[in-house]
Amino acid sequence: MLDEKLEPIFADVLRRNPGEEEFHQAVREVLDSLGAVIAKHPHYAEDALIERICEPERQIIFRVPWVDDRGHVQINRGFRVQFNSALGPFKGGLRFHPTVYLGTVKFLGFEQVFKNALTGMPIGGGKGGSDFDPKGRSTGEVMRFCQSFMTELSRHLGEYTDVPAGDIGVGQREIGYMFGQYKRMSNRYESGVLTGKGLAWGGSRVRTEATGYGAVYFVERMLGTRGQSFDGKKVIVSGAGNVAIYTIEKVAELGGKVVACSDSNGYVLDEAGIDLDLLKEIKEKRRGRVEDYAKQRRAGATYVPGGCIWDVPADIAMPSATQNELTGRDARTLVKNKVLAVGEGANMPCTPEAVRLFLEAGVLFGPGKATNAGGVATSALEMQQNASRDSWTFEATEERLAGIMNGIHDRCAEVADEYGSPGNYVLGANIAGFIRVAEAMRAFGVV
Ligand code: NDP
């Protein structure tokens with residue numbers, strides 16, 4: 001049940017954003033946490049502050065024409081939702097996936113606002129992307145698409161305006177093509193306009209690893225509150241992309257064993273522990289599938305086409321693929337299998353029912369906007385290095401990341417305690433993020 005002051009705000013969000021279900025879901029989850037805040041501090045409900053937080057500052061939709069390898073003209077749709085700049089320039093990734101529509105980008109942008117606030121760094125929230133499907137496209141096609149996409153997007157970017165990064169379907173290769181086009185068009189080497197860059201051209205050490213590593217740090221800290229750690233634990237990680245790979249790497253470093261990972265076609269079960277060198281070779285170099293991993297793993301691994309990774313018994317689950325990939329049914333299975341902790345590496349991978357079931361069962365649950373904030377935090381460190389024309393060591397950067405993740409964990413835990421729900425990191429993250437954004441917005445007046 002929503003607070004009665006928040007009910008009409010949510011009704012308005014539904015009315016103004018028809019059909020955008022993921023966006024409704026993300027807003028609803030935050031509003032669910034805010035009843036306690038406005039009961040304690042009624043001024044946050046004044047001047048339509050919450051209504052303004054739910055409305056993006058600017059939404060850009062544009063045509064992206066490009067020529068495929070057969071000489072045919074293709075048209076995609078590009079998006080950038082500049083959600084909230086109260087704390088700094090808009091900041092958030094670009095997603096290239098055929099399912100992307102305005103509702104996806106708005107939900108991701110909305111989540112990003114609170115996530116970025118939680119990092120404590122000077123970054124606002126935004127998100128973008130396209131319904132372009134990079135799968136099966138040649139390198140030349142991906143390059144031409146990225147160049148066309150950036151030709152339009154470049155008008156809306158800038159170190160002090162909006163600084164995109166990667167997300168699903170956008171890694172260092174795509175960031176390279178987009179940065180190259182931006183540089184060519186602007187005739188300026190503005191490193192601070194994109195993050196996730198290569199090390200040779202203004203990138204930061206640890207940015208590639210940051211989201212996965214950060215998620216593992218967050219979960220390790222949650223486990224610590226119960227005198228537990230990753231050491232000796234069996235772990236399952238969905239996805240096999242950037243977040244999943246570096247989650248697997250850090251879990252192994254901390255003594256845990258990841259026995260399964262997946263892609264949208266199925267999952268691979270490898271009881272000996274995922275061989276990361278092989279997985280990286282297949283995913284990062286050959287751009288292959290997890291099925292190829294199972295075929296090439298000499299020690300024996302099983303590929304389960306169309307299978308559900310959450311059926312694999314484990315102590316810890318790290319959903320790191322996409323939104324709503326872990327349902328109520330999956331949560332019941334995990335709880336039945338005595339899962340200790342669930343950390344969201346992806347954005348909103350657990351459905352609201354799944355989250356409720358985990359909280360009711362007393363499972364340690366790290367919500368994405370806290371758990372996966374290490375990626376954007378390290379992007380902000382990349383911006384700092386670009387601004388000072390400096391380049392930090394891997395060790396120094398990772399230490400900063402670990403400190404930021406521990407800080408986010410502790411802040412969420414502290415706020416959950418303060419609001420009478422100890423151990424509820426969902427509430428803690430939503431409230432802590434909201435208060436920081438709300439304070440800045442109140443200072444600015446009605447803008
Ligand atoms: P990648 O594109 O590198 O990898 C995505 C992975 O998820 C792929 O293995 C993909 O498989 C899989 N996947 C996608 N859709 C599905 C599905 N419906 N079912 C099962 N698997 C699926 O993306 P990232 O690793 O960068 O992003 C993963 C998640 O983490 C996203 O939610 C993203 O928003 C979030 N995130 C990413 C950050 C980053 O720094 N990269 C920062 C914070 C959050 P397939 O190849 O079959 O599509």
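Which loop holds Asn187? Select the loop between α6 (172-186) and α7 (207-224), and Asn187 is there. Helices here are DSSP runs of H or I with at least four residues, strands are runs of E with at least two, and both are numbered from the N terminus.

Before moving on, note that this is a predicted model, in which local features need pLDDT of at least 70, side-chain atom pairs count only at pLDDT 80 or more, and totals for chains, interfaces and linings use all residues. Residues are numbered from 1 along each chain as its sequence is written, and side-chain values use heavy atoms, with hydrogens and water left out.

**Stop 1: two positive phi angles**

Stay on Asn187. Its phi is positive, about 55 degrees, although the residue is not a glycine. Most residues other than glycine have a negative phi. Asn187 counts as exposed because its relative accessibility is 69%; exposed means over 50% relative accessible area, buried under 20%, and partly exposed in between (1.4 Å probe, protein chains only).

Now select Arg389, in the loop between α14 (374-387) and α15. Arg389 is not a glycine either, and its phi is positive at about 50 degrees. With 79% relative accessibility, Arg389 counts as exposed.

**Stop 2: Thr195**

Go back to the loop between α6 and α7 and pick Thr195. Is Thr195 buried or exposed? Thr195 counts as buried, because its relative accessibility is 0%. Show its contacts (heavy atoms within 4.5 Å). Leaving aside neighbours within four places in sequence, they include Lys91, Val163, Pro164, Ile175, Ser379, Glu382 and Met383.

**Stop 3: domains 1 and 2**

Colour by domain. The assignment gives domain 1 (7-53), domain 2 (58-189) and domain 3 (210-371); such bounds come from an automatic or database domain assignment. Taken over C-alpha atoms, the centres of domain 1 and domain 2 are separated by 27 Å. Ten residues of domain 1 contact ten residues of domain 2.

How much area is buried between domain 1 and domain 2? About 950 Å², with carbon and sulfur atoms giving 67%. Buried area is the accessible area (1.4 Å probe) that two parts lose on being put together, summed over both.

The rule finds one salt bridge across this interface. A salt bridge is a side-chain nitrogen of Lys or Arg within 4 Å of a carboxyl oxygen of Asp or Glu. Next, select Glu20 and Lys106: their side chains meet in a salt bridge, 2.7 Å from N to O.

**Stop 4: a surface patch**

Show Val67, Val73 and Ile75 as a surface. They make a nonpolar patch of about 270 Å². Patches take residues with over 30% relative accessible area and no salt bridge, joining nonpolar side chains (Val, Leu, Ile, Met, Phe, Trp, Tyr) within 5 Å and like charges within 9 Å. Ile75 sits in strand β2 (residues 73-84). Ile75 is exposed, at 53% relative accessible area.

**Stop 5**

Select Val259 in strand β7 (residues 257-263). Val259 is buried, with a relative accessible area of 0%. Not counting residues up to four places away in sequence, Val259 touches several residues, among them Lys234, Ile236, Leu269, Ile274 and Val312. The C-alpha atoms of Val259 and Asp275 are 9.6 Å apart.

Finish at His409, in helix α15 (residues 394-418). His409 is buried, at 3% relative accessible area. Beyond its neighbours within four places in sequence, His409 contacts Phe218, Arg221, Met222, Thr225 and Tyr425.

Conventions. Areas by Shrake-Rupley, 256 points an atom, 1.4 Å probe, with all protein chains shown as cover.
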